[in-house]
Amino acid sequence: MERGAGGSSNERQAVLKWFSQFRNGSNPWMARYVYGLIFLAANLLAWTVRDYGRGALTEMERLKNCKGGHDCLGAEGVLRVSLGCFVFYFLMFLSTAGTSKVYESRDSWHSGWWSAKVVLWIALTVIPFLIPSSFIQLYGEIAHFGAGVFLLIQLISVISFITWLNDCCQSDKNAERCHIHVMLIATVAYVISIVGIIMMYIWYTPEPSCLLNIFFITWTLVLLQLMTSVSLHPKVNAGFLTPGIMGLYVVFICWCAIRSEPAGESCNRKAEASHRTDWLTIISFIVALLAMVIATFSTGIDSKCFQFRKDDSPTEDEDDVPYGYGFFHFVFATGAMYFAMLLIGWNTHHAMKKWTIDVGWTSTWVRIVNEWLAVCVYIWMLVAPIILKHRHASGSVV
């Protein structure tokens with residue numbers, strides 16, 4: 001009993017110490033979760049304004065700039081919530097960029113002062129509903145660019161992780177131990193990719209006239225073959241692992257792109273189910289929303305993949321910040337624009353159905369272009385060292 005009581009007391013002390021660090025602004029690892037929760041709350045608020053604002057936010061009809069609620073609900077309501085979220089994280093970016101050491105004033109601001117920051121976020125969420133509609137439309141156009149920046153950052157982060165995993169498995173230390181695991185993972189990735197392509201042919205090309213979907217799926221297969229060929233080239237010799245995982249990634253993007261085609265298209269029978277709201281539709285929406293928040297969160301702490309100059313033997317002090325605060329908030333700022341584009345289908349004048357996300361021809365083409373860009377960036381990361389080395393050798397000879 002004494003041991004049990006002692007263990008319980010130690011656990012309580014550990015919890016109290018943890019909350020004390022969090023409250024006093026000395027726990028940056030916990031702080032990122034709070035920022036993620038704020039971001040999730042903004043997403044849920046934007047969705048509520050879009051789908052249920054007409055009944056729940058009747059007081060907005062009295063606001064001068066809402067014109068009877070028309071300009072503060074639906075797609076424009078999403079943009080107003082997004083604007084407040086963007087300004088909040090952009091201010092955090094400006095106030096924390098360049099922080100290098102813990103226990104600085106900017107570190108304390110990033111990891112603490114939660115009451116002030118919650119009040120600031122609420123105020124910045126309310127203020128956009130007092131702004132004229134013309135300014136919100138301008139922000140909507142700018143948000144297209146910001147969302148594209150977010151997709152590019154996320155893309156580089158994913159490819160950087162894949163190449164890091166491959167380098168780690170091919171290192172002298174882990175090469176023999178990871179050989180079987182690498183082959184197993186690569187084989188599973190290729191099998192899933194091929195099965196996914198076959199299933200897309202079955203689901204989304206029911207008629208020979210579905211030329212656009214046939215093109216999307218076939219070109220994805222061609223890109224998979226292209227990535228594998230480049231990776232296995234003798235001068236590159238990157239193996240099967242990275243093109244296999246990248247194949248999974250591009251097949252998933254292609255599937256999301258075709259799923260984004262509007263309901264009613266004869267080549268997308270799966271979209272017909274979106275005319276009715278069932279549990280599958282609701283679960284799909286929740287999963288997509290959470291996936292977007294998690295993607296923003298994970299990308300925000302991956303600032304090292306954007307360090308173009310990397311030292312061979314980097315040294316880290318104990319008082320260095322654990323991740324780039326400025327980059328973290330910048331990703332969330334662009335993510336605020338990105339979730340707005342998903343909820344309005346990348347079209348500021350697009351009326352979205354309830355419980356849908358990222359639907360419309362604009363969404364489809366954004367994802368397709370993102371897939372092609374992913375392959376281009378991946379291939380460039382494979383061949384760039386060879387091209388730069390060849391140019392350097394040529395310059396040295398001259």
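Contact here means heavy atoms within 4.5 Å. The model is predicted, local features need pLDDT of at least 70 and side-chain atom pairs count only at pLDDT 80 or more, while totals for chains, interfaces and linings use all residues. Residues are numbered from 1 along each chain as its sequence is written, and side-chain values use heavy atoms, with hydrogens and water left out. Helices (H or I, at least four residues) and strands (E, at least two) are DSSP runs numbered from the N terminus.

On the α3 side, E76, L79, R80, S82, L83 and F86 meet S133, F135, I136, Q137, Y139 and G140 of α6. These contact residues divide into 6 nonpolar, 4 polar and 2 charged. In this count, Ala, Val, Leu, Ile, Met, Phe, Trp, Tyr, Cys and Pro are nonpolar, Asp, Glu, Lys and Arg are charged, and the others, Gly among them, are polar.

## Crossing angle

Two packed helices are described by the angle between their axes and the distance between the axes. The axes of α3 and α6 (residues 133–170) come within 10 Å and cross at roughly 75°. Therefore α3 is roughly perpendicular to α6 (under 35 degrees is roughly parallel, over 145 roughly antiparallel, 65 to 115 roughly perpendicular, the rest oblique). Axes are lines fitted to C-alpha atoms, for helices over the stretch in contact, and angles run from 0 to 180 degrees between N-to-C directions.

## Aromatic pairs

Rings of Phe, Tyr and Trp (its six-membered ring) pair if their centres lie within 6.5 Å; planes under 30 degrees apart are stacked, over 60 edge-to-face, and the rest tilted. By this rule there are 25 aromatic pairs. One of them joins F39 and Y89 edge-to-face, at 6.2 Å centre to centre and 70° between the planes. F39 belongs to α2 (residues 28–56) and Y89 to α3 (residues 74–96), so the pair links distant parts of the chain, 50 residues apart. The rings of Y323 and F328 are tilted, because their centres are 5.5 Å apart and their planes stand at 50°.

F39 and Y89 are both buried (buried is under 20% relative accessible area, exposed over 50%, partly exposed in between, with a 1.4 Å probe and protein chains only). Y323 and F328 are both buried too.

## A lysine over two rings

The charged end of K117 sits over the ring of W114, 3.9 Å from its centre. K117 also lies over the face of W109, at 5.2 Å from the ring centre. A charge sits over a ring if NZ of Lys or CZ of Arg is within 6 Å of the ring centre and within 35 degrees of the ring normal.
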